[in-house]
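Welcome! Have a look at the structure first, then try each task before reading its solution.

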Amino acid sequence: MMKKGLAAVIGAISAANGLLMLIAGQEWFSSTPGVADTGPYNPHFVADVGAAYLIAGLALLARALRPQWWPAAVAGALFFVAHALIHVAGILGGHSHHAAFETALVILPAALSLFAAFPSAREKRHA
């Protein structure tokens, strides 16, 4: 039950973030700490990443509603993990001025989403 709840929370937040990036990309870009440090606003890039966040978030939500759909959640979580590894590399390379923010809102959720994506032993027994 904990994994389903965690998948639902991370999925909902990620899907909402993706929608915000798609609908109000400039506002998202301007208001998210550290993002403007990466260079000028690129609406196509923000929309691409927003689409990935939306789909990965929906995959986690699907897993929360239908545990047998966990493989979709694993795929979504792998996007989050790959994204987080890019942030880890930036932090370790000294290229981040917002390491705490990145850790709390990118790296930790990626690890938690991967944990939540896989079914628990109880879910496997009831499948």
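**Exercise 1.** Find what a side-chain oxygen of Asn42 reaches at the start of H3.

*Solution.* Bear in mind that this is a predicted model. Go to the start of H3 and pick out Asn42. One of the side-chain oxygens of Asn42 comes to within 3.1 Å of the backbone nitrogen of His44.

**Exercise 2.** Check whether the length of helix H3 agrees with its number of residues.

*Solution.* Helix H3 covers residues 43-65, which makes 23 residues. The expected span is 1.5 Å times one less than the number of residues, so the helix should span 33 Å. Its end C-alpha atoms lie 32 Å apart, which agrees.

**Exercise 3.** Work out which helices the buried residues of H3 pack against.

*Solution.* Start with the buried residues themselves, among them Val46, Tyr53, Leu60 and Arg63. Then look at their partners: the buried residues of H3 pack against H1, H2, H4, H5 and H6.

**Exercise 4.** Decide whether Ser120 is buried or exposed, and name its contacts.

*Solution.* Locate Ser120 in the loop between helix H5 (99-117) and helix H6 (121-125). Its relative accessible area is 19%. Buried means under 20%, so Ser120 is buried. Beyond its neighbours within four places in sequence, Ser120 is in contact with Lys3 and Arg63. Arg63 is one of the buried residues of H3.

**Exercise 5.** Describe the surroundings of Leu114.

*Solution.* Leu114 belongs to helix H5 and, at 27% relative accessibility, is partly exposed. Setting aside residues up to four places away in sequence, Leu114 touches Ala77, Leu78 and Val81.

Notes: Residues are numbered from 1 along each chain as its sequence is written. This is a predicted model: local features need pLDDT of at least 70, side-chain atom pairs count only at pLDDT 80 or more; totals for chains, interfaces and linings use all residues. Side-chain values use heavy atoms; hydrogens and water are left out. Helices (H or I, at least four residues) and strands (E, at least two) are DSSP runs, numbered from the N terminus. Buried means under 20% relative accessible area, exposed over 50%, partly exposed in between (1.4 Å probe, protein chains only). Contact means heavy atoms within 4.5 Å. A polar contact is a pair of N or O atoms within 3.5 Å; within protein, one must be able to donate a hydrogen and the other to accept it, and residues adjacent in sequence count only if both atoms are side-chain atoms.
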